[in-house]
Amino acid sequence: MADAIDICNLALNRIGKRASVSNIDPPDGSDESYSCARFYPLALQTILNAHNWAFATRRASLAKMANVDASPWRYGYALPSNCLRVINLQLSDAHHPTGFPERWFADGQPIEFEVVNGGSSLMLLTNVEKPVARYIMNNPPESFFSATFSDALAWLLASYLAGLTIRGETSFNYMTMCYRQYEATLKLAAQQDSSQTKMRIRRIPYAVRSRHGC
């Protein structure tokens, strides 16, 4: 699969630039590598936020933060350092002694939460004790990128690079063309990614959950 350098060179090629970048962290000294080092992280974060990618999804139990004001919520938790955004919360196994498969609902409703600035890091607030967060990583392994994801990422990066390296009306035309290609390829990549996940969520009435201690 393509890595960051392959994606950068592909993006440069798409705007008519010499695709010869050998490193972006740190840059290899060429103008192209400095441009890619500047915009590749932004393009990656943008596309990761566009869909709940299976390869970028992780689950983790959250650590409770001490001496924080979580009001009006009951608990405050630290988010993993590699968390870009939280998709949803699950109840921990301790809250599921009967093994119910439905874990994204509490008392028949989705588990509510709020992500706020915790000072030195982001903090998740919720009324659920010992939750498990399902989240998107901010820097998933490049070896997990699908071909269509890499293709879409290269088109998005190309739209950024066109505005930086091409002047005049031609720059706008290249930016528009590359971004439209990105949107089309992103749609295909997201559809392919979604086909890897099959999940049916059951709502369990509160009365049933109460009888089983859930």
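User: How far does the backbone nitrogen of Asp6 lie from a polar atom of the side chain of Asp3?
Analyst: The model is predicted, so local features need pLDDT of at least 70 and side-chain atom pairs count only at pLDDT 80 or more, while totals for chains, interfaces and linings use all residues. Residues are numbered from 1 along each chain as its sequence is written, and side-chain values use heavy atoms, with hydrogens and water left out. A polar contact is a pair of N or O atoms within 3.5 Å; within protein, one must be able to donate a hydrogen and the other to accept it, and residues adjacent in sequence count only if both atoms are side-chain atoms. The side chain of Asp3 has a polar atom close enough to the backbone nitrogen of Ile5, at 3.2 Å, and for the backbone nitrogen of Asp6 the distance is 2.9 Å.

User: Is Asp3 buried, partly exposed or exposed?
Analyst: Asp3 is found in the segment before helix 1; helices (H or I, at least four residues) and strands (E, at least two) are DSSP runs, numbered from the N terminus. Buried means under 20% relative accessible area and exposed over 50%, with partly exposed in between (1.4 Å probe, protein chains only). Asp3 has 31% relative accessibility, so it counts as partly exposed.

User: Which strand does strand 4 pair with over six bridges?
Analyst: Strand 4 is mostly covered, with seven of its eight residues buried. Two strands pair if DSSP finds at least two bridges between them. In this pairing Arg85 stands opposite Ile136, and the antiparallel partner over six bridges, residues 132-137, is strand 9.

User: Which residues does Ser92 touch, not counting residues up to four places away in sequence?
Analyst: Ser92 is found in the loop between strand 4 (83-90) and strand 5 (105-106), and at 10% relative accessibility it counts as buried. Its C-alpha is 5.5 Å from that of Pro131, although the two are 39 residues apart in sequence. Taking contact as heavy atoms within 4.5 Å, Ser92 touches Lys130 and Val132.
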